[in-house]
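I have not looked at it before.

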Amino acid sequence: MENLIVTSSPHIRSTRTVKSIMGDVILALVPASILGVYYYGTHAALLIGVTIVAAMIAEALVQMIRKQPVTLHDLSAVVTGLILALNLPPSVPLWIGVVGAVFAIVIVKQLFGGLGQNFMNPAMAARVFLVISYPKLMSVFLEPMTHAVSGATPMALIKAGEMAALPNMMDSFIGKTAGTIGETSALALLAGGLYLIVRKVINWEIPVIYIGTTFVLTFLLGGMDVEFSLYSLLSGGLFLGGFYMLTDYSSSPISKTGKIIYAFGAGLLTVIIRLYGGYPEGVMFSILLMNVCTPMIERYAAPKVFGGAKK
Amino acid sequence: MGVLTFRGGIHVPHAKEATEKLPIVTCPAPERIFLSMRQHIGAPAQPVVKVGDEVKVGQLIGQAGSFVSANIHSSVSGKVKKIFNKRIMGADTVLVEIENDGQETLHEDIKPHGTCEDLSEEEIRTLLGQSGIVGMGGAGFPIHVKLSPPENKPIDSLIINGAECEPYLTNDHRLMLEHGREIVEGARLIKKCLGVSKVYIGIENNKQDAILAMEEHTRQDSDIEVVALKVKYPQGAEKQLIYACTKRYVPSGGLPMDVGVVVSNMASTKAVADYILRGMPLIERICTVTGSGIKHPMNVQIKNGTTIEHIAQCAGGLAEDFEKLILGGPMMGQAAPDLTIPSTKTTSGLLFLNQEDAFIPESTPCIKCGKCVDICPVFLQPAYIARYAEKGHMAKAEEYRALDCIECGSCSFICPSKRPLVHSIRIAKRKILESRRK
């Protein structure tokens, strides 16, 4: 008997894979996606489908051109496509989804080395790219159910100080308001987010601290108004951003302390942009700004080693 | 009673069902044994017999090569056939081959050395220096060295390690159930030798029967406490176990004695009683033979120097699709290249895996999910250390505290990208230490 298999320890591995993690993220977003289609109609469904397929094709093409193994099976391109689609207004033409998906996958993800190497969240960077490149298309929103062009999103109403025109609190919670396809339903996003925490796909720190910081600071700086703060919490992209985008592995810090600083920073920036900036919504830019701060945070937030002084 | 634990760690599949209920059986003595002179950390032992010598059970075969070393005794009676060199698991090893005459003739020195009451601390320490006892959990650290802390490191606690957090292994579990009395005798002897006031016997609480058994045996010892530990890997790692029992952090780069603690393996503790009270040096041990690659898994008592081939025969032989052999448990054990190597004092388990269980998935790029950071029991950032190690940036790996890694393998286990993290960190540690020596 000779030549047994010799490898270094450990000799067993957990059953968790990249694919199963990505699968969980997709599953977590199913409720929000279904609600988005229910509220905004079949065009939203088409947009989700086209954006996902475009992301997959873009990923496969880049990898084939670079003579790398095609890794569509890890489902990460599907996740990027899906999250991007949920960030699009339901009225945009399908080609917007294609352009965004190609930008997310080719420029933000693959040009920086592929999965795990991107320094920004691909979907969020693509949304910003689209908002800046196609400001008109990207700012037309639809009313839920009627699909009529909406006058203003809740965030825009809050910004304008037109609190009386806001939908009621329950509609804001279940997402029956104007917004991007997947951002409006705090309820659906929260359910999926809790699932991700239970499945240990994400840690609680980032979403809880981000959303908590945003809420508390909005309350403190926005005139101690509970109703105003609650609307600010439930409207806009806080839940989609906090649970699914700010938690993007490769563009967020790896250590617990790092995650806390990062999430707090994003909350602070969100509130500053919302209350004092020119844009009604601050989620998008705060996430990208904190993404680029990640390497610096990581450098100063390494965990204290067992039995050792902090280096 | 609360359950004690440490921060970090992982939940591994236990895989102990196959053997945890099986009483210890004795492996028939082999026709010949091969005693390795390298069964412990420190200097190899030097053979003190020559080819042709008649030897008896318990007779000294290898003399400790220095203070940090241990004696090797014969586990059979018979004739020395050959003394030769063999490369085993990457180390040049002197083997003494002894043909077993089957008589089991005891050496005349095998007689009780005294009792816990009438031996002094110094006498116990000196005796154990002759006993050949080492840490039988894997590292093989000679026990008398552990029991000789320097003057400026006062020891106040002794921990007997019954965590057995490695999947598959049940040898310590069975030992506690079947030899609890001897373990407690050994614990009392070590306690006296160290002059400590407190003894903990730490047992993972998936072994309720062992906890009850040890509580029963320690009923009249008010200073020996049986503590239930949370079922979590690596609960039995020295620093994590010390933290769980005493809430003390062994300093980075330090030893248990730096926080006033000595940790002793379960089997080693029993061996102390066997030597002092009955005169028998360490020549046998309990080994869990298990896994999908062996026909009849069992907890078996083996004579030191028995080849794995022989033990496999004793356990019903190999399964058809046997593919991989691991010495020890699946988390920290080493894969062996063949079955000809002889057992040693630290052979706590022989894990035979079939093709399916031996399969290690292909690794893919790190997705920076941070799971390794979440679970590292020494609070390192394994993904970063491994990344720097793979790129050859050893100074960076050192800056990220590679040397603090205890090589428990939790990071490689948990990694969804199946990256060989601990392997890369191990390489970094070796290179860093090498460059320090230059």
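What follows describes a predicted model, in which local features need pLDDT of at least 70 and side-chain atom pairs count only at pLDDT 80 or more, while totals for chains, interfaces and linings use all residues. Residues are numbered from 1 along each chain as its sequence is written, and chains are lettered from A and ligands numbered from 1 in the order in which they are written.

Strands of a sheet pair through backbone hydrogen bonds, either parallel or antiparallel. Here an open sheet of four strands runs in the order β2-β8-β7-β4 of chain B, with antiparallel pairing, and its edge strands, β2 (32-36) and β4 (54-55) of chain B, each pair on one side only. Strands β4(B) and β7(B) are joined in the antiparallel sense by two bridges, and Val55(B) stands opposite Gly78(B) in β7(B). Between β7 (residues 78-88) and β8 (residues 91-100) of chain B there are ten bridges, again in the antiparallel sense; Val80(B) has Ile98(B) in β8(B) as its bridge partner, and Ile88(B) faces Ala91(B) in β8(B). These two strands, β7(B) and β8(B), form a hairpin with two residues between them, and Met89(B) in the turn has a positive phi of about 50°.

Elsewhere in chain B, Ile308(B) belongs to helix α7 (residues 308-314). Ile308(B) counts as buried because it has 23 C-beta neighbours inside 10 Å, where a residue is buried if 20 or more other C-beta atoms lie within 10 Å of its own, exposed if 12 or fewer, and partly exposed in between, with C-beta atoms placed from the backbone. Leaving aside residues up to four places away in sequence, Ile308(B) touches Leu325(B), Leu339(B), Ile341(B), Ser343(B) and Leu350(B), contact being defined by C-beta atoms, placed from the backbone, that lie within 7 Å.

Helix α13 (residues 421-437) of chain B has 17 residues and reaches 25 Å from its first C-alpha to its last, close to the 24 Å expected at 1.5 Å a residue, the expected span being 1.5 Å times one less than the number of residues. The buried residues of α13(B) are Leu421(B), Val422(B), His423(B), Ser424(B), Ile425(B), Ala428(B) and Lys429(B), and what covers them includes α9 (371-375), α10 (382-391), α11 (394-399) and α12 of chain B.

In chain A, helix α5 (residues 122-133) has twelve residues that should span 16 Å at 1.5 Å a residue, and its end C-alpha atoms are 16 Å apart, which agrees. Its buried residues, among them Met124(A), Arg127(A) and Leu130(A), pack against α3 (76-86), α4 (94-109), α11 (238-245) and α13 (283-300) of chain A.

Another pair of helices in chain A, α9 (residues 205-221) and α12 (residues 256-276), have axes that come within 8 Å and cross at roughly 35°; axes are lines fitted to C-alpha atoms, for helices over the stretch in contact, and angles run from 0 to 180 degrees between N-to-C directions. By class, this contact of α9(A) with α12(A) has twelve nonpolar, five polar and three charged residues, where Ala, Val, Leu, Ile, Met, Phe, Trp, Tyr, Cys and Pro count as nonpolar, Asp, Glu, Lys and Arg as charged, and the others, Gly among them, as polar.

The two chains also meet, in a contact that takes 49 residues from chain B and 32 residues from chain A. On the side of chain B that touches chain A, β15 (322-327), β16 (334-336) and α12 (410-414) of chain B each supply at least two residues, and β15(B) gives the most, with four residues. That side of chain B has 29 nonpolar, eleven polar and nine charged residues.

Some backbone details remain. Most residues other than glycine have a negative phi, and most peptide bonds are trans. The peptide bond from Tyr233(B) to Pro234(B), however, is cis, with omega near 0°, and Pro234(B) is found in the loop between β11 (224-229) and α5 (238-246) of chain B. Lys368(B) has a positive phi near 60° and is buried, with 24 other C-beta atoms within 10 Å.

How values were computed:
Pairing = 2+ DSSP bridges.
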